[in-house]
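Trainee: I would like to learn how to read the features of a protein model one at a time. Could we go through one together?

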Amino acid sequence: MDIRHVARVIALISWVKFGVDTASQEDTHRLLNTLFHNYSVFIRPTHDQDMPISVNVVLVMEQMQSLDMKTETMKSLGFFSITWMDEFLVWTPEEYGDVEYITYAANMIWTPDYVIDNDVSLKKRMGDDKSLVLIKSNGKVIWEPGYVATTTCNVDITYFPFDTQVCSINILSWMTTNVHQLTTSTTGVSLQAYIQNGEFHLITGWVNSTSHTMTDIENETLEGLDFFVVLKRKTTFFWLCLVSPLLVFPLLSPLSFLVPADSGEKTTLAITSLLSVFVFMSSIYDTLPKLSNHVSRFVLLASIQSFISFLSVVGNVIILCIYRLPPEHRVPRWMTWLAAKRQDLAPERMKSNEESELFNKSDMSTRGKGRENVPLTWPVVAEFLNKICFVVFLLAVILVTVIIGVLMSF
C-alpha cells in the first residue's frame, strides 16, 4: 500500500476522533454573535412567557467555620450549584466547530434572583460581576455562585455540651413569583467537598421547600429552599475541661464534714468547693446564650451542685457553733436519744465532761437494765452531726449527678 494513502487514512481517523477540539476562534465568535444577538437579561429564557422556568438548586457546603451559641449564628462557606434550561441559548455543535459548551459572564445572561434569606447581614443577590456560567449546547445553564454567610440558627442548649444542633441556610426568590419561576432541589445538601470542623461534626443534611406570600399580588408566592444541616458537638474538650471538674469538685462538700472541727480548715474546704462550682458556672454562662425557652440540664446540674455546696457551708458553720458551745448549755433530749442509739460513740470523750450528762437513771432504766448512763457533750454532738451530714450530702451529690446524667442521655 502506498505510504501517502496510509497517511491520509491516519489523518482522517485523527480528524474524526479529535474534531471536537478543532474549533477555531472564528467559530466561537460566530456562535457568540448568534446566541447573544438581541438577547436580554431581563427576559425569562423561554419562548412561552406564560410557562415558569424550573430551577434546580443544590447547596455544596465546603466548611462550617463556627457556630456562635451566644448570638445564635452559624458562619459557613461553599457554593450553590444552580441549573436551568435557557431556550434562547441552544445551538447545533456541528455548525460551530463541534463546540459542546461555552463559559460566559453570569451578569450577561438571565439568572434567578435568589438571596440568602436568613443572612444576618444585608441581603444581596447571589453572584457578582466576576462569576461565570457554563452553557451547554442543549441550553442547560450551570451557575455556581460562591457564598460566605453568617446565618441565624435557633440553638437548643438543653443537652449542652452533649448537644446536637440543626441549622439552616434559607434561599428565597426575591421578586420572581411561582408563576414565572419554580424552585426545586434534586440533591439537597452535598457534602462531598466538606472539610470537618474541629468543634462540630456535620452528620447529614436535607432540604425543604418553602414559600412566602408576595406583597400586593394575590395568589402568587415567592418560592425558596431551606437547606438543613445537623451538627453534633465533639465532647472531648468539654469532658476534660468542664464536665470532669464539675463532677469532682462537688465531692469536696461532703468531705468537708470529715475534717476535725478543731483543725481550723473545716469551713475553708466547704467554701473552696462552693467557689469552685461558681467559677465553672461562670465559664458555662460565658458560652451559652441567655435563653429562657431552653434550660441546659448541665447548667441545672451546676446550679443544684452549687446550692448543695452552699448548704454544706451553712452546715459546717452550724456544726462549728455547736462544737464551741459551753457546757452550761444542756443538750436537747432528742439528741441524747439519737446518740444513745449509736454504738460507735467514744466513751472516753463522753466521760470527760460529766457535768453535761443528760440521761438520768430513770430514763435509762426504761430502755434496759444493762445499759449504762451515757454522758453527752457538745463536741460529741458535733462529731455525730458530722457523720450524719457526710452521708446525707454524699448521697445528695451522687443522686443529683446520676439523675441529671440520665436526663441528659435521653
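**Backbone, core and ring pairs**

Mentor: N38 has a relative accessible area of 69%, so N38 is exposed. Keep in mind throughout that this is a predicted model.

Trainee: Where is N38 found, and what is its phi?

Mentor: The general idea comes before the case. Most residues other than glycine have a negative phi, and most peptide bonds are trans. N38 is not a glycine, yet its phi is positive, at about 65°. The residue sits in the loop between helix 2 and strand 1 (53–68). E72 is another non-glycine residue with a positive phi, here about 55°. E72 belongs to the loop between strand 1 and strand 2 (73–85).

Trainee: Which residues does a cis peptide bond join?

Mentor: F160 and P161 are joined that way, with omega at about 0°. P161 is placed in the loop between strand 7 and strand 8.

Trainee: Next, the disulfide. How many does the structure hold?

Mentor: A disulfide is a covalent bond between the sulfur atoms of two cysteines. This structure holds one. The partners are C153 and C167, and their sulfur atoms are 1.9 Å apart. C153 lies in the loop between strand 7 (146–152) and strand 8 (164–173), while C167 lies in strand 8, so the bond ties together parts that are 14 residues apart in sequence.

Trainee: What is the handedness of the disulfide between C153 and C167?

Mentor: Read the torsion about the S-S bond. For C153 and C167 the torsion is about -70°, so the disulfide is left-handed.

Trainee: Are C153 and C167 buried or exposed?

Mentor: The cut-off needed here is that buried means under 20% relative accessible area. C153 has 4% relative accessibility and therefore counts as buried. C167 is buried as well, because its relative accessible area is 1%. C389 is at 17% relative accessibility, so C389 counts as buried. C321 has a relative accessible area of 48%, which means that C321 is partly exposed.

Trainee: How do I read the nonpolar core, and which residues have the most contacts inside the largest one?

Mentor: In soluble globular proteins, nonpolar side chains tend to be buried together. Here the largest nonpolar core has 80 residues, and L67, F80, I109 and I135 have the most contacts inside it. Helix 10 (residues 378–409) gives the most to this core, contributing 12 residues.

Trainee: What does I135 touch?

Mentor: Leaving out residues up to four places away in sequence, I135 touches F36, L89, W91, E100, Y101, I102, Y104, I109, K140 and V141.

Trainee: Last, the aromatic pairs. How many does the structure hold?

Mentor: A pair of aromatic rings is described by the distance of the centres and the angle of the planes. The structure holds 12 aromatic pairs. One of them is formed by W84 and W110, which are edge-to-face at 5.7 Å centre to centre with 85° between the planes. This pair links distant parts of the chain, with W84 in strand 2 and W110 in the loop between strand 3 and strand 4 (114–116), 26 residues apart. W84 has a relative accessible area of 2%, so W84 is buried. W110 is buried too, because its relative accessible area is 7%.

Trainee: How is the pair of F162 and W239 arranged?

Mentor: The ring centres of F162 and W239 are 5.5 Å apart and the planes are at 55°, so the pair is tilted. It links distant parts of the chain: F162 is in the loop between strand 7 and strand 8, W239 in helix 3 (residues 236–248), and they are 77 residues apart. F162 has 27% relative accessibility, so F162 counts as partly exposed. W239 is at 39% relative accessibility and therefore also counts as partly exposed.

Trainee: Which residues do ring pairs link into a cluster?

Mentor: F36, Y39, F88 and Y104 are linked into a cluster by ring pairs.

Note on methods: Residues numbered from 1 in each chain as written. Predicted model: local features only at pLDDT ≥ 70, side-chain atom pairs only at ≥ 80, totals over all residues. Heavy atoms only, no water. Core = buried A, V, L, I, M, F, W, Y, C linked by side-chain atoms within 4.5 Å. Buried < 20%, exposed > 50% of the residue type's maximum accessible area, 1.4 Å probe, protein only. Helix = DSSP H or I, 4+ residues; strand = E, 2+ residues; numbered from the N terminus. Contact = heavy atoms within 4.5 Å. Disulfide = S-S within 2.5 Å. Phe/Tyr/Trp six-rings, centres within 6.5 Å; stacked < 30°, edge-to-face > 60°.
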